[in-house]
Amino acid sequence: MKDAVVVGAGFAGLYMVHNLRSLGCTVQGFEAGANVGGTWYWNRYPGARCDVESMEYSYQFDADLQQEWTWTERYAPQPEILSYINHVADRHELRQHFQFDTRVVGASYDEGGDYWVVAADDGSEVSARFLIMATGCLSSTNTPDIPGIEDFAGEVLHTGRWPHEGIDLTQRRVGIIGTGSSGVQAIPVLAEQSAHLTVFQRTAQYTIPARNRGLEADEIEAVKSSYPEFRAGNNAMPGAYGLPYQAERVSAFDLTPEERVEELERRWQVGGTTFMWAFSDAIVDPAANEVVAEFVRGKIHEVVSDPETADLLSPHHVIGCKRIVIDTNYFETFNRDDVSLVDVGTTPIAEITATGVRVGGLVHEVDTLVFATGFDAMTGTILRMDLRGRGGRPLTDSWAAGPRTYLGLSVPEFPNLFTISGPGSPSVLTNMVASIEQHVEWIADCIDHLRSHGLTSIEATPEAADAWVDHVNAVADQTLYPSCNSWYLGANVPGKTRVFMPLPGFPPYVKKCEQVVANGYDGFQLGAVG
Ligand code: FAD
Ligand code: NAP
C-alpha cells in the first residue's frame, strides 16, 4: 500500500508530491494528460496567458528557483508558464512519480483499514492511506448541449482542449461561442489568424486592458532583491496578489465625482484586474459598483466605432460578480471589417447545422467552431469520479445540495480525502499558486502529524462542515459576488446546484487553518485503525 495517491500534475499535484516525498511518504501520482502542467498543458488557445502578474503567479517555496527563473512579460503567455512548470518538475525530479495518460475513475474508502482503493481507467487499482485531489478548479470543460452539433461538417474546438500541434485558420471562417476570460483572450488573436471571425455573445463582458508588456531588467531585479517581503506582502492581500497596486482605498462616495473618475482612469491606464480596487465598496455596494460599471461602458463606447455594436458589447450586470477579465485589444477587435458580433443573449442559438450556427432565422456560416464556454468549475472534476466514502456513500449524494466541505480541504464521511483548492476555500478568488501552496503545506503538515502520532485517519465532523458552509455563504452574502449567473455559483452548467463555492478573503482563511491546527485539529475527528 502507498502512503498517498495524488491525482493531477498541475501546480498543485507537483508541489504535493514534492512535499510528501520530503516526508518520506510513498506516492503514486496519476495524470489524465500526457505530461505535467494542468491548466497550462490543456489551455493552448491563441492568446492564453495568466491574469495575475508573472512575478506573483509562480511558486514561492523554492527561493533559488524564484531567483533563477526570469519571466519575460507582465503576464506570461501559456508556453512560458508551461515551460516553467516543466522546469520545476525536472528540477525537483517529480515527473517520475506520475503515471500519465491515466485517468482516475473512482475510489472507495476501506473503513476497516483506513485506506482508499483508487481505480484508474487502465484497469489498475492502487491502495493508499491518503487520497489527494489536485484535480484543479477549472479542468473539466463545459460544452453546452446545442442541438445539431454532431451534424457540423467543420472542426469543433474547445479553448480548454486546444490541439497541441496548433491549427492553421488563415483560410477559415471561425465562429466562437463565449466571451469569458478565454474568449476575450482568444478573440483578438483569432481575428488576426482567421479569414473571418463571428463572435456569438450571450452576455457582454466587462474587460479591463491588461497593458501587457515586456518586463524590464530593473523591475525584475527590484522584486528579486526582496522576494520574501514581496511574497509576504502579497499573502497579506485579500486575494494573495496585487501588492504593487494597493492604495488607500476609500468608499466611492467619500470622493467627488471628478475624483472617482480620476482614480478609475488612473487604474484603467495601469491595467489589470486590480482596476476593481479603485473603491473599497466596489464589490459590496451596488451604487459604488455602478460607478465602476458605467465608467467601463463609457470606455467601450470610446473604443468601438459603431454605436450599436458598442451598445451590444456593453454589460449591465454587476461588475466583478462574474470574474473580471483583462484583455489586449478586445473591444478594438470589433472595429475590424472581418469580425461580426451576434447577440445570442436575446435570441439563443437555435441549432448548429452542417455549415454554421443558426440564430433566429439566420445561419451564420463557419468552417471552424470554437467553444470558449468554460468549465464545470470547482466540483465538476471531482464529481465525475465515482468517489465513495463511509458505507459506500457516493460523493454525488453528499454534495447533492452543493459542495459540503470543511475549510475546502475535507469532506465529512470521506476520511483521509483532501481537496486542494476545494470548494469552500479562497481558491479561484486568489492568486491560485499561493492558495495551492498554502493547502499543500497544510495537508503535508497534517499527514506528518498523523504519522508521527500513530494515527491513521482524519475526517471532518458534519457539524464543522455545516458551520463552514454557512460561514462561506455568510461571507459571500456580504458581497455582490452572488448577484449574477457565474461559474462561481455553478450557474453556467444547466441543472447544477446554485451555491457560491469560493470563500472571499485569503488572510483570514489562512489564520483559520492555522487556528484549527493550533487547537488540535478542531472540527476534525482523528483516529487509529484497530
Ligand atoms: P490544474 O492545473 O487544473 O491541474 C489539474 C490536473 O488534474 C489536470 O492536468 C487534469 O488533467 C488532472 N486531472 C483531473 N481529473 C483527473 C482524473 N480523474 N484523473 C487524472 N488526472 C486528472 N489562476 C490564477 O491564479 N491566475 C491566473 O492568471 C490564471 N489563469 C488561468 C488561465 C486559464 C486559461 C485557466 C483555465 C485557468 C487559470 N487560472 C489562473 C486558474 C488555474 O487553473 C490555476 O491557477 C492553477 O493552474 C490550477 O492548478 P491545479 O494544479 O490546482 O489544477
Ligand atoms: P467562462 O468564464 O465560464 O465563460 C464562458 C462563456 O461562454 C461565457 O461568455 C458564457 O456566457 C458563454 N456560454 C456558455 N454557454 C453558452 C451557451 N449555451 N450559449 C452561448 N454562450 C454560452 O469560461 P472561461 O472564459 O473559460 O473562463 C473560466 C475561468 O478560467 C475564468 O473566469 C478564469 O478564472 C479562468 N481563466 C483565466 C484566464 C486568464 O485571463 N488568465 C483565461 C481563461 C480562463 P454567459 O456569461 O452568458 O454564461
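1. Start with Ser194. In this predicted model, Ser194 sits in the loop between helix 5 (181-193) and strand 9 (196-201).

2. Is Ser194 buried or exposed? Its relative accessibility is 8%. Buried means under 20%, so Ser194 counts as buried.

3. The side chain of Ser194 has polar partners in the backbone. One of its polar atoms lies 2.7 Å from the backbone oxygen of Leu190. The backbone oxygen of His196 is 3.5 Å from a polar atom of the Ser194 side chain.

4. Leaving aside residues up to four places away in sequence, Ser194 touches Leu169, Thr170, Arg172 and Val174.

5. Now the ligand. Which residues come nearest to ligand 1? They are Glu31, Thr39, Asp51, Tyr57 and Met432, out of 33 residues around ligand 1.

6. Polar contacts to ligand 1 deserve a look. The side chain of Glu31 places an N or O atom 2.7 Å from an oxygen atom of ligand 1. For Thr39, a polar side-chain atom lies 2.7 Å from a ligand 1 oxygen atom. Thr430 uses its backbone: a polar atom there is 3.4 Å from an oxygen atom of ligand 1.

7. How much of ligand 1 does the protein cover? On its own, ligand 1 has 970 Å² of accessible area, and the protein covers 95% of that.

8. Helix 1 (11-22), helix 2 (39-42) and helix 14 (432-452) are the elements that give two or more residues to the shell around ligand 1. Helix 2 gives the most, with 3 residues.

9. By residue type, the shell around ligand 1 holds 18 nonpolar, 12 polar and 3 charged residues.

Definitions and conventions: Residues numbered from 1 in each chain as written. Chains lettered and ligands numbered in written order. Predicted model: local features only at pLDDT ≥ 70, side-chain atom pairs only at ≥ 80, totals over all residues. Heavy atoms only, no water. Near = heavy atom within 4 Å. Polar contact = N/O pair within 3.5 Å; in protein donor to acceptor, adjacent residues only side chain to side chain. Areas by Shrake-Rupley, 256 points an atom, 1.4 Å probe, with all protein chains shown as cover. Helix = DSSP H or I, 4+ residues; strand = E, 2+ residues; numbered from the N terminus. Nonpolar A, V, L, I, M, F, W, Y, C, P; charged D, E, K, R; others polar. Buried < 20%, exposed > 50% of the residue type's maximum accessible area, 1.4 Å probe, protein only. Contact = heavy atoms within 4.5 Å.
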